[in-house]
Amino acid sequence: MNVSLVKDLSVYQLVMGVQAPPKPLSLSPATLLSLVRAQIDLLIEQQIAATLWVKLPPDKIWQSELARYQSSVGASSLIYTCQIEESSKGEAGEDKGEGRLNISSSPSSPSSHYVPVHLPPDSQMRRENFLMVLSPQFCSLILAHRPLKKRKNQTSGKVNTNKNQPLLIITTVEGRVIQQVLNSIQQAIAPESSSILPASFICPTVPQGALMNQLLAKQLLRQDEINRQIITARTNKLEQQNQELHNKEQLKDEYLKNVCQELRIPLTHMKTALSLLNSPNLKPPQRQRYLQMLNTQCDQQNSLITGFLELVQLEQNLEGTTLELVRLSDIVPGVVSTYQPVAQEKGIMLAYTVPTELPSVWCVSGKLRQIVINLLHNSLKFTPNGGQVWVRARSQGDYVQLEFRDTGIGIAENEIPKIFDRFYRVRTTATEDYGGAGLGLTIIQQLLLRCGGSISVKSKLSEGSTFTVQLATVSNIPKAIATENEL
């Protein structure tokens, strides 16, 4: 069976064009679904063999309602499915496949009772969904129209639609309204197409009172069912949000606890040093050692407070930070030159390779230098005298990799997953105290996540470590910038 329209039409405009048209109501898609389900329930219960004209969303939840009716009533039903003949995105940001039902038309399957009605790409029905029931006992029309609410995208200049807005829904059983829609469809059908209904068919003016009572009852039941589902979904969502808030509060409490513990450690050492300085039999070398202890612990506490404040400020303002394009060749050589005296003092060979032809990379404004300084400082700090440190950069697809490799003390395998945690410091059996606040790698990781980059590490004890920073190039727009452009 073949049906095609030679004239475009809008079911919504046809209904609104009748004398004293039904009043459209602004309702949700969930209400539309409850109306459709109640209608199908009635048809199945009364075993009404009807001809259906439909254009519904392509989701399975809608298609299953038609399949439920067809499988119950069987071969005596016929369903005309209106389809927009498109394969990609249409104007106003709509899915051109909207309204298409993925139903096989194989004559050997029950789906042979589905008849596709092909609509032109710019059909006025694009913004409409409907279910029209046609039978001698009962006729009805459920119609939903999505108004075009224009919202201009400031970056692209295109007009988008808000698909979350309410629908204008009309539901009617008035024969005069449905008959006018049916007559207009009959006139729009190509002459060579098969007739959809006998020429003598006339919609009943008003359905039987018993049918209307049953339909109303089923609509109430279906709406109540959907309301309960919505309430359950909202309750589950609120419970999930409450749990997330509870988890965040626990993390915050644990975080503050760790901060207090970290700040207490230098204070304990300083108090010990002060009490020892009060010893009456203290010798000059001992006094010097205790004064040095005080100085070291003051520096340690200052480092903790500075790192903590920097991390708090970063986390509070991270989403508001801007990104910039920078060249590694403009940053790395200067930082390496600054640290050459430190490397020479420890007898460490420090070298870098950063080709000038590397593309620019995205990073949080003014923070690439800080990332390079922190990683290079760590490499030198944990590399013993006579060791080696290399800084190398190379292209890797849409990214540039910046590698810091050293021959230092290395990191135990079980500690590698923890090194980016706040206040975590690598444990070592060496007698040397490497100090540090344990926040540098955490800050680096946060900065890189913001600009679409990442950091990873490979290490072995006593063999050294390799930290690899991956930065997005100019051709690879980070998600952070893409999101800003969509606002």
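Buried, in this talk, means under 20% relative accessible area. The model I am showing is predicted.

Take helix H9, residues 440–450, with that cut-off in mind. Its buried residues are Leu441, Thr442, Ile443, Ile444, Leu447, Leu448 and Arg450. After H9 comes glycine 452, which has a positive phi, near 80°.

Now strand S15, residues 399–406. Six of its eight residues are buried, so the rest of the structure largely encloses S15. Which strands does S15 pair with? One is S14, residues 388–396, which runs antiparallel to S15 and is joined to it by eight bridges. Within that pairing, glutamine 396 has tyrosine 399 of S15 as its bridge partner. The hairpin of S14 and S15 has two residues between the strands, and glycine 397 there takes a positive phi near 65°. Another partner is S17, residues 464–472, paired with S15 in the antiparallel sense over seven bridges. Here valine 400 is bridged to leucine 471 in S17.

Next, the nonpolar cores. The largest has 45 residues, and the ones with the most contacts inside it are Leu328, Leu375, Leu376, Leu402 and Phe467. Helix H8, residues 368–381, gives this core its largest share, six residues.

What is leucine 376 in contact with, leaving aside its neighbours within four places in sequence? The list is Val335, Val336, Tyr339, Leu350, Val389, Val391 and Phe404.

There is also a second, separate core, of 35 residues. Tyr80, Ile84, Leu119 and Leu182 are among them.

Conventions
Residues are numbered from 1 along each chain as its sequence is written. This is a predicted model: local features need pLDDT of at least 70, side-chain atom pairs count only at pLDDT 80 or more; totals for chains, interfaces and linings use all residues. Side-chain values use heavy atoms; hydrogens and water are left out. Buried means under 20% relative accessible area, exposed over 50%, partly exposed in between (1.4 Å probe, protein chains only). Helices (H or I, at least four residues) and strands (E, at least two) are DSSP runs, numbered from the N terminus. Two strands pair if DSSP finds at least two bridges between them. A nonpolar core is a set of buried Ala, Val, Leu, Ile, Met, Phe, Trp, Tyr and Cys residues joined through side-chain atoms within 4.5 Å. Contact means heavy atoms within 4.5 Å.
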